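Thanks for coming. I will walk through one structure, a few parts at a time.

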Amino acid sequence: MYKPFGMLSQLTSNEDRQLRKKRFLSELFDFPEGSMPIGRLDEKSEGLLLMTTDGKLSDAINRSGVEKEYYAQLDGKITDEAIDQLRLGIEIGLWGQHYTTKPCKVTKLTKTPTLPDPDKKLRIGTHRPNSWISMTLTEGKFRQVRKMTAAVGFPTLRLVRVRIGNMLLGDTTVGRVVPITHFDLSTPS
């Protein structure tokens, strides 16, 4: 599915306040009983999200180091030095502790990727000049991409997951759910 900006990566909540104020994946599709996301995207992130009814499969994928690729629109024109820091791994805060991220692939995108228009709440035009990067991780810590880019001085304005293993977001429209029976999460060659 293409998870929209402003939606939680869960089907519902046990908290009355969240039920009144938040949006949930159940708005998009009548998911089978026992469905769960494989990994998560935070509320302000968008893009490819896989769902399953197989908890063991979800756990196996989350622990296996499958590549996840993101396009991040950054506040400012990112420097080569900052890209090198991101590639090598950078220290971020995680649950009150220091954590050094694993090395990852980072590429400066020379042109704006073809994506749906950003949500109006992002106010992209109010920031200084911006740039886009592709970042491919084999781990998925809480708000990791956002924390990494902020740590090198280029906060993330917009974050879109475009790939998990060989599964591509492609030209899927925001909010669209595409049922599949098999997927290959191996890394593309």
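Before the first residue, a word on the term contact: two residues are in contact when heavy atoms of theirs lie within 4.5 Å. Please also keep in mind that this is a predicted model.

I start with Thr136, which sits in strand β9. Is Thr136 buried or exposed? Its relative accessible area is 7%, so Thr136 is buried. Setting aside neighbours within four places in sequence, Thr136 is in contact with Glu67, Lys68, Glu69, Cys104, Lys105 and Arg163.

Next, helix α3, which covers residues 80-88. The buried residues here are Ala82, Ile83 and Leu86. Viewed down the axis of α3, these buried residues fall within an arc of 100 degrees, so they line one face of the helix. As a general point, an α-helix has 3.6 residues a turn, so residues three or four places apart point the same way. On the face of α3 turned away from the buried side are the exposed residues Glu81 and Leu88. The cover over the buried residues of α3 includes β8, β9 and α4. After α3 comes Gly89, with a positive phi near 110 degrees.

Asp84 is partly exposed at 39% relative accessibility, and Arg87 is partly exposed at 35%. Elsewhere, salt bridges with shared partners join Glu67, Glu69, Lys105 and Arg163 into one network. Each of those four was also on the contact list of Thr136.

Not counting residues up to four places away in sequence, Pro103 touches Arg87, Leu88 and Gly89. Pro103 is exposed, with a relative accessible area of 59%. From Pro103 to Asn14 the C-alpha distance is 37 Å, and the two are 89 residues apart in sequence.

Now helix α4, residues 144-151. Which residues of α4 are buried? They are Gln144, Val145, Arg146, Met148 and Thr149. Among the elements covering them are β5, α3, β6, β9 and β10. Gly153 follows α4, and its phi is positive, near 95 degrees.

In the loop between β9 and α4 we find Arg143. Its phi is near 50 degrees, a positive value in a residue other than glycine. Trp95 is another non-glycine residue with a positive phi, about 55 degrees. Trp95 is in the loop between β6 and β7 and counts as exposed, at 66% relative accessibility.

Back to Arg143 and its salt bridge with Asp42, where the closest N and O atoms are 3.4 Å apart. What does this pair tie together? Asp42 lies in the loop between β2 and β3 and Arg143 in the loop between β9 and α4, so the pair ties together parts that are 101 residues apart in sequence. Asp42 is buried, with a relative accessible area of 18%, whereas Arg143 is partly exposed at 33%.

How many salt bridges does a search of the whole structure find? The search finds ten. One more of these is between the side chains of Arg23 and Glu27, at 3.2 Å from N to O. Arg23 is partly exposed at 35% relative accessibility, and Glu27 is partly exposed at 47%.

That is the end of my tour.

Technical notes
Residues are numbered from 1 along each chain as its sequence is written. This is a predicted model: local features need pLDDT of at least 70, side-chain atom pairs count only at pLDDT 80 or more; totals for chains, interfaces and linings use all residues. Side-chain values use heavy atoms; hydrogens and water are left out. Buried means under 20% relative accessible area, exposed over 50%, partly exposed in between (1.4 Å probe, protein chains only). Helices (H or I, at least four residues) and strands (E, at least two) are DSSP runs, numbered from the N terminus. The arc is that of the directions from the helix axis to the C-beta atoms. A salt bridge is a side-chain nitrogen of Lys or Arg within 4 Å of a carboxyl oxygen of Asp or Glu.
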